[in-house]
Amino acid sequence: KIESPEGFPLFAVSNLMQIALERCKTARCAIETMGKTAEKYGFYGEDPESGETLTVTDNSETWIFNIASADCDRKGNWDGPGAKMRAAWVGQRVPEGHVAVSPNLFTIKEIDPDDKENFMFAEKIHEVAVAKGLWDGKGLMNYAATWGPSPLTHVYLAGVPPVPRYMSMRLWRIYSRVAPSLKLQPHIDPWTFPFSVPVDKQLTRREIFELTRDHYEGTPFDMRLGVLAGPFGTPNRLEHGEGITKHHGEYPRAISIPRTAYSVVAEALPDHRAEKAATPGIAWVATDTPSTSVYVPFFATAKSEKLGPYQKGSRFQLTRESAWWAFNFLANWMEINYRDMSNIVIPTMQSVQDQVDAQSAAAEDAGSAEALTAAQETIQAEVVSKWWDLSDKLVAMFTDGYLNECAGQPLPQKRDAEGCQVSAGIGYPKE
């Protein structure tokens with residue numbers, strides 16, 4: 001029996017995930033378990049107004065899960081224990097052959113209560129929405145618009161206007177890459193985009209990796225270009241600060257951003273491949289920002305007892321024993337001259353990723369937990385060692401404002417045109 005002092009909600013999204021992982025083998029079971037648990041005992045977000053969105057998958061289905069507190073109004077005022085439900089949740093199945101994106105935003109819209117195959121939701125979600133004055137009860141309820149704030153008007157930071165492109169541009173970019181035939185156009189409102197889109201062709205694992213590394217390269221929104229990119233074409237933007245409160249504006253958030261702690265691509269293997277590889281799935285992990293990181297495998301059945309580089313370190317103390325610090329250090333060093341260093345780092349990243357893929361495939365072909373364990377330990381140690389070696393070379397090559405010939409690396413060419421453009425853009429020729 002679980003009791004809550006004064007009836008306050010008991011579960012955050014991390015607790016719900018833990019319960020689902022303990023009790024479920026399928027995505028459908030996980031959605032139902034998390035939803036009904038929160039509905040009974042209450043859900044709370046990181047602040048009174050916030051909700052959560054999750055992607056839940058097994059080897060045959062993928063679902064999107066949206067959840068908000070039903071114990072608070074939209075201003076964060078505590079309503080006390082919900083008389084009829086403690087959480088407003090919904091799950092929608094991603095159709096076969098589709099890609100769905102959840103960019104810090106509720107994306108589930110119209111709930112079809114008769115479509116049990118593709119929707120699950122809180123039992124009294126419609127009744128409570130009407131009682132709270134969030135929905136007029138007509139037609140199909142739009143979950144995102146009913147239980148979430150409008151991205152066009154919601155203020156995330158005091159003194160800063162709404163930032164709808166923070167979400168809408170990432171939706172547009174991924175959908176336009178996986179389904180170019182749809183010819184989707186950028187739009188300020190993220191809710192104009194569909195819940196999911198059918199892909200033009202089946203995506204490979206490497207193509208998924210590349211989606212996570214995107215800065216809108218090759219589009220009019222390419223973040224390597226323009227005055228904000230500086231003379232060395234960095235796609236990274238510093239967020240917050242006083243300037244944004246005084247000079248209101250907005251730039252799109254990239255998919256890969258510098259403050260990313262890690263990226264995970266979860267690969268649930270189909271039964272025939274899982275049996276051959278001796279593992280039901282692989283978590284591909286890239287520490288720090290994925291645009292300059294390598295994805296390494298964590299096999300579900302690996303039995304490593306070593307404390308490897310992906311289990312060591314603190315962000316408060318640099319150490320060469322930590323994978324995160326290897327990639328974080330180099331990503332930060334690249335800000336000295338992103339354009340020229342990226343011409344070295346990105347090809348190296350792709351080459352190392354090729355090697356990782358080959359080693360992983362060989363371990364899967366061996367078909368034993370022992371082979372997977374050995375490969376996982378070897379791959380992770382080698383990748384981190386290679387990245388520190390690359391960092392050492394680039395520290396020597398790019399230092400004190402110079403490009404130094406070293407380690408057999410050719411010097412980048414054509415350095416002046418972009419710098420002249422930036423100088424003109426900031427009014428350098430003028431008094």
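A disulfide is a pair of cysteine sulfur atoms within 2.5 Å. Keep that in mind. The model you see is predicted.

So, how many disulfides does that rule give here? The count comes to one. The partners are Cys24 and Cys29. Their sulfur atoms are 2.1 Å apart. Now look along the S-S bond of Cys24 and Cys29. The angle about that bond is -60 degrees, and the link is left-handed.

Is Cys24 buried or exposed? Cys24 has 15% relative accessibility, and buried means under 20%, so Cys24 counts as buried. Cys29 has 24% relative accessibility. Exposed would need over 50%, and partly exposed lies in between, so Cys29 counts as partly exposed.

Next, the sheet. Which strands form it? Three strands do, in the order β7-β8-β9. The sheet is open, and the pairing is antiparallel. The edge strands are β7, residues 262-268, and β9, residues 296-299. Each edge strand pairs on one side only. From one strand to the next, the twist averages 25 degrees.

A word on pairing in general. Strands of a sheet pair through backbone hydrogen bonds, either parallel or antiparallel.

Let's zoom in on β7 and β8. Strand β8 covers residues 281-287. How many bridges join β7 to β8? Seven, and the two strands run antiparallel. Pick out Glu267 on your screen. Opposite Glu267 stands Ile282, in β8.

Last, a helix. What lies across β7 and β8? Helix α6 does, with residues 205-212. Helix α6 runs at about 155 degrees to β7.

That's my tour. Thank you.

Note on methods: Residues numbered from 1 in each chain as written. Predicted model: local features only at pLDDT ≥ 70, side-chain atom pairs only at ≥ 80, totals over all residues. Heavy atoms only, no water. Pairing = 2+ DSSP bridges. Helix = DSSP H or I, 4+ residues; strand = E, 2+ residues; numbered from the N terminus. Axes fitted to C-alpha atoms, helices over the stretch in contact; angles between N-to-C directions. Contact = heavy atoms within 4.5 Å. Buried < 20%, exposed > 50% of the residue type's maximum accessible area, 1.4 Å probe, protein only.
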